[in-house]
Structures are given as C-alpha cells and as structure tokens.
Amino acid sequence: MQTDSTSALNSRSLRGAREAKGMSLRAAAARSGIDPGHLSKVERGEKQLSLEALYRLAVVVDLDELAGHLKPLLSEEIGAALGVQPGASAAENDEAAGVQPAASVEQVHAPMH
C-alpha cells in the first residue's frame, strides 16, 4: 500500500535526480516525451507515470538502476499488448502482431521494365 509519505518520497527523488542533473522540468519533460504539466504534478505527488514514461524519464535523468529494473517489465508489457508469446519464433510473433515481412533485397533491387 502506498502512503502519502512514500508517494512524496518518490516524487522528491525524481525531482532531485532531475535537479542534480541540472535539467529544468521543461527540458526533462521534452526529452522524455512527457507533458511538462503532467511531470510537474508527478513531482508534486499528485499524478503517476506509466512504466514506459517512467523508464524514459529514468534514462533522461541518468537513473540507470531504475531504468535497468524497468526495461524487462516494459518488454513483457509491450509484448503482451502486441500478442507476443514467449518462446514463439520471431516469424510467429510477427504474424500474431500483424507485422508484414520486409521486402527481400532481390525485390527491392529488381530491374524495372
């Protein structure tokens, strides 16, 4: 269960990491693809970030350990959203996700008549 103090501690940690990097809120928001107003609310403990947004922010402000912990979760989350099955071949997962195979070199460089 998250309390107000842990929520504030987490938001202060994000703000502290950003400020330690010498980065303004607007610059951090722009570089991580987060709305500045939303990031401001996150830093005040009023809003939360998605895992993907938190990962991007962690990368931008050099929270490498946090980014390292989040990356495998993102792969699983994104894979699940796309219908990717662990252990399936790349071709099977591409087909499940609706990805079309790339054109072969021969198809791209075929002479036109």
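This is a predicted model: local features need pLDDT of at least 70, side-chain atom pairs count only at pLDDT 80 or more; totals for chains, interfaces and linings use all residues.

I counted seven helices and zero strands, going by DSSP runs numbered from the N terminus (H or I of at least four residues for helices, E of at least two for strands). Along the sequence I read α-α-α-α-α-α-α.

Residues are numbered from 1 along each chain as its sequence is written, and side-chain values use heavy atoms, with hydrogens and water left out.

Next I checked burial (under 20% relative accessible area, 1.4 Å probe, protein chains only). Of the 113 residues, 21% are buried.

Then I went to the largest nonpolar core, which has 14 residues. Such a core is a set of buried Ala, Val, Leu, Ile, Met, Phe, Trp, Tyr and Cys residues joined through side-chain atoms within 4.5 Å. The elements giving it two or more residues are α1 (4-20), α2 (25-32), α3 (36-43) and α4 (51-60).

I picked Leu57, listed among the core residues with the most contacts inside it. Leaving aside residues up to four places away in sequence, Leu57 touches Leu14, Ala28, Ser32, Ile34, Leu39 and Leu49, where contact means heavy atoms within 4.5 Å.

Which residues of α3 are buried? I found Leu39, Val42 and Glu43. They sit on the same side of α3 because they cover an arc of only 95 degrees around the axis, taken from the directions from the helix axis to the C-beta atoms.

Last, the ends of α3. At its start, a side-chain oxygen of Asp35 comes within 3.0 Å of the backbone nitrogen of Gly37. Just after α3, Gly45 has a positive phi of about 80 degrees.

Methods
Buried means under 20% relative accessible area, exposed over 50%, partly exposed in between (1.4 Å probe, protein chains only). A polar contact is a pair of N or O atoms within 3.5 Å; within protein, one must be able to donate a hydrogen and the other to accept it, and residues adjacent in sequence count only if both atoms are side-chain atoms.
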